[in-house]
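The sequence and structure come before the details.

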Amino acid sequence: MATGENPPPPAGGSSHGLRAGLHGLTTRGRSFLAAGITASLCAYVFGQDALLRVGVLLAALPLASAVWLLRTRYRVAGGRRLSPHRAPAGQEARVHLRLDNVSRMPTGVLLLEDRVPYVLGPRPRFVLDRVEPHGFREVSYRVRSDLRGRYPLGPLQLRLSDPFGMCELTRSFNASDVLTVVPQVMPLPPVRLPGERAGHGDTNARALALAGDDDVIPREYRHGDDLRRVHWKSTARYGELMVRREEQPLKAHAAVLLDTRAIAHRGSGPGSSFEWAVSCAASVGVHLIERGYRTRLVTDTGDTVPAPGSQLGSTTPVEAGGLLLDELAVVDHSDGGGLARAEEALRAGEGLLVAIVGSLDDEQVERMCALRRRAAGAVLFLLDTATWAGLRHLLPDTADDTFQEQQKLLRRAGWTVLPVKAGASAAELWRSADRTEQSNPYRDEVGA
């Protein structure tokens, strides 16, 4: 929640404050001032004292209003709260504004305005009645974006006005917030993923849950270790103080590979193949994190989230999922033409590898076959990007044959291949992952 306090207006006696007041004159105030000056000049030329008094009154009213507004010494504090801070693309988020009068005198009528990017909707404006001393007012508005990204909200602006509407001054708070619009996350069904029979995923989690006290692997006591972690059976067996290890060595690992190459995707806007791939990566990543995998995101540029060397186990599943979604909220096309950097970033023994890739040439198919050997289990979402651009019927029959041949080569290398066409459901494809694994005619030729 962002908060800030509005400083009092400058004193009306300073030249800077007077200039600010004159710049803040409304159309009504400028009209009164111009009429007053004109009437005073005419009264001087024609010697009309009555007209002079009218002119002075007309000119003095907007000036007095500006001075009164500048000398108003009340202070107000403003705050903003987002619900939620991360909003999926296409869904609304609500912004709550609160204005507190922290002075000992009531305010006048206030115009509250918040700055928002145009992609989130029109700029919200609220007219607030006078706020009593130490009172507050609360208002809210909704924002929505179909485009992923981080969007700044604020600063909050407060427009002060005199009772006659002659002068308006704008004050800005210094606090702002950021709304993160993340890709849509589709709930995926629980399935038995390829590679889990090798000790990954839920099977591994159940093995840890059933492990008894005798299955604990102890180590020697070190200075500073918590005495509550002392393993007394091992201490008695080895004749020296032994403690339980801090980490379980069987924690499941997974990597989600996202192909961001611009040349590998078709279409534009929220309906493009790239946006489908980003949403699929978010859905798979969050799903794996919720199942207990230590999941990291890898792109074709070699970038990884979390970064190499970070403590993957130091974050909760909610924090890990938020970190992944924050990265996917701003991911964009890359200028790369290959997957060599991704291969460097993916270490051997990755555990489970889930890849979402666009169009592949022969070289990239060979690269994907090599990547398969780095993981115990591998699932591949292979996008038929021509269907996103509506070009499939315009391409020769050999193009479809090439796509089918690529699937065969990748399955022969050990991938569980899920061909994706425009409009496909990630949940339905994910549900077929285990069935595809069982129906793979090459699954006996490769090791999982």
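## Salt bridges

Glu-113 and Arg-125 form a salt bridge in which the closest N and O atoms are 2.8 Å apart. A salt bridge here is a side-chain nitrogen of Lys or Arg within 4 Å of a carboxyl oxygen of Asp or Glu. Because Glu-113 belongs to strand S5 (residues 110-114) and Arg-125 to strand S6 (residues 125-128), the pair ties together parts that are 12 residues apart in sequence. Strands (E, at least two residues) and helices (H or I, at least four) are DSSP runs, numbered from the N terminus.

This is a predicted model, in which local features need pLDDT of at least 70 and side-chain atom pairs count only at pLDDT 80 or more, while totals for chains, interfaces and linings use all residues. Residues are numbered from 1 along each chain as its sequence is written, and side-chain values use heavy atoms, with hydrogens and water left out.

Glu-113 counts as buried at 6% relative accessibility, whereas Arg-125 counts as exposed at 51%. Buried means under 20% relative accessible area and exposed over 50%, with partly exposed in between (1.4 Å probe, protein chains only).

A salt bridge also joins the side chains of Glu-275 and Arg-148, at 2.8 Å from N to O. This pair links distant parts of the chain, 127 residues apart: Glu-275 is in helix H6 (residues 273-290), and Arg-148 is in the loop between strand S7 (136-144) and strand S8 (149-153). Glu-275 is partly exposed, with a relative accessible area of 21%, and Arg-148 is buried at 15%.

Arg-261 and Asp-259 meet through their side chains in another salt bridge, 2.9 Å from N to O. Arg-261 is buried at 2% relative accessibility, and Asp-259 is buried at 1%. Elsewhere, salt bridges that share partners join Arg-80, Asp-114 and Asp-177 into one network. The count of salt bridges by this rule comes to 16.

The distances for the pairs described above are as follows.

| Pair | N to O distance |
|---|---|
| Glu-113 and Arg-125 | 2.8 Å |
| Glu-275 and Arg-148 | 2.8 Å |
| Arg-261 and Asp-259 | 2.9 Å |

## Helix H9

Ala-370 is part of helix H9 (residues 362-372) and counts as buried at 17% relative accessibility. The buried residues of H9 are Gln-364, Val-365, Met-368, Cys-369, Ala-370, Leu-371 and Arg-372. Between Ala-370 and Leu-410 the C-alpha to C-alpha distance is 9.9 Å, with 40 residues separating them in sequence.

Three strands form an open sheet in the order S3-S11-S8, with mixed pairing. Two strands pair if DSSP finds at least two bridges between them. Strand S3 (86-88) and S8 stand at the edges with a single partner strand each, so one side of each is left without a neighbour in the sheet. From one strand to the next, the twist averages 30 degrees.

S3 pairs with strand S11 (residues 177-182) in the parallel sense over three bridges. Arg-86 stands opposite Thr-180 in S11.

Helix H7 (residues 317-330) lies across S3, S8 and S11 and runs at about 85 degrees to S11. Axes are lines fitted to C-alpha atoms, for helices over the stretch in contact (heavy atoms within 4.5 Å), and angles run from 0 to 180 degrees between N-to-C directions.
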